[in-house]
Amino acid sequence: MKKYGRSRTKTYAVGALALLAAATGCGSSGGGTPAAAGGTPSTAAHPSGGGAQTPAAAAATTPAAPPAAGDPAAWAKWNLKPLAPAPAAPADKPIKLERTGTVPVFSDVKTADKVVFITIDDGAEKDPKFVEMLTDLKVPVSMFLTRDIVKDNYGYFKPLQALGNHIHNHTVDHAQMSKVPPEKQKSEICDAQSALTQQYGTAPLLFRPPYGDGANTPALNGSVQQCGPRAIVLWCESMQIHDMQYQAADKKLKPGDIVLAHFRGPKDLKGETMTQMFGEMLARIQEQGFAVARLEDYIQAPPA
Ligand SMILES: [Zn+2]
């Protein structure tokens, strides 16, 4: 796989084949294996087999973030240091989606901004404290919800949505997409799409396959195209309980990385709560000097 040839602007011009070829894992520093390689179903980030990290790529990015700001009292309430404020959203979006045709697959966003993007999946844990936390901290997140995991309480996610956070498609029941035929892929995506659209009043723009599985297959790309989402989104880092798993061998965040977390509670976090896990993730981001930006601010939706 080419690791440095990823120019999204170019990608859209040259069509489906190049798109699929370009859809490697986290690429901005050359780290990470192609997300679909081997189709390993794991919520863990794929360990990088990718060899040496070149500092050259990282050096091309803007080094300095603005000093931390935000409401110090709110951060103190959660025993956290404020994150650096996110820069203004770019006017020229690094990712431009098309109305039709092959959908792009990405796990990071090309940007020099010292930002990462938080995505939260599934929807099992519905901790009211987490709503309070995001209301206090105003950290942007993107939610990839699984219909059958959230349908007992769609309402839980509405105050999170009201904070400006977007809801995206993560199938009906978390099926492993490469293990099911195209018709089933289609119902997994399309049925979740209609339920989420009906519940949240807006059609999900993005899709994430469970475990990242099948993301780069033509079959899944075709299924996504038939259901409405216009991109397949993977990730570079995966939050565990106290720290992230990194695809990059140097275990460092890079500008534009997409971070995966889950709506999980004490049962899945060895007793830690969702807010404890999320606070630890913010601390790991803060100590590396990154801000958290809104993923959708870096994506241009298809023309109407
Ligand atoms: Zn999931």
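Because the model is predicted, local features are reported at pLDDT of at least 70 and side-chain atom pairs at pLDDT 80 or more, whereas totals for chains, interfaces and linings use all residues. Residues are numbered from 1 along each chain as its sequence is written, and side-chain values use heavy atoms, with hydrogens and water left out.

The chain contains 10 helices and 12 strands; these are DSSP runs numbered from the N terminus, with helices being H or I over at least four residues and strands being E over at least two. Of the 304 residues, 50% are buried. Here buried denotes under 20% relative accessible area, exposed over 50%, and partly exposed the range in between, with a 1.4 Å probe and protein chains only. Among contacts in the chain with a separation of 6 or more, 75% come from residues 24 or more positions apart, a contact being heavy atoms within 4.5 Å.

The zinc ion is coordinated by OD of D122 and by NE2 of both H170 and H174, at 2.0 to 2.1 Å. Donors are N, O and S atoms within 2.8 Å of the metal, or 3.2 Å for Na, K and Ca; water is not among the atoms, so sites may look incomplete. Along the chain, the spacing of the donors is D-x47-H-x3-H. Both H170 and H174 are buried.

Strand β3 (residues 115–122) pairs with β4 in the parallel sense over 4 bridges, where pairing requires at least two bridges found by DSSP between the two strands. Strand β4 also pairs with strand β5 (residues 166–169), again parallel and over 4 bridges; in this pairing S142 stands opposite H166. Together, β3, helix α5 (residues 128–137) and β4 form a right-handed β-α-β unit. Within helix α5 lies P128, which is exposed because its relative accessible area is 61%. The C-alpha atom of P128 is 10.0 Å from that of F157, 29 residues apart along the chain.

Strand β4 (residues 142–145) is covered on both faces, with S142 and F144 buried on one side and M143 and L145 buried on the other. S142 counts as buried because its relative accessibility is 1%. Beyond its neighbours within four places in sequence, S142 is in contact with residues including I118, I120, H168 and L295. The side chains of S142 and E296 form a polar contact of 2.9 Å; such a contact is a pair of N or O atoms within 3.5 Å, and within protein one must be able to donate a hydrogen and the other to accept it, while residues adjacent in sequence count only if both atoms are side-chain atoms. S142 and R294 are 152 residues apart in sequence, yet 7.6 Å apart C-alpha to C-alpha.

Elsewhere, a disulfide (a pair of cysteine sulfur atoms within 2.5 Å) joins C190 to C227, with an S to S distance of 2.0 Å. This pair links distant parts of the chain, 37 residues apart: C190 in helix α8 (residues 182–200) and C227 in helix α9 (residues 218–227). The link of C190 and C227 is left-handed, with -90° about the S-S bond, and both cysteines are buried.

Terms used. A crossover is right-handed if, with the strands pointing away from the viewer, the path from the first strand over the helix to the second runs clockwise.
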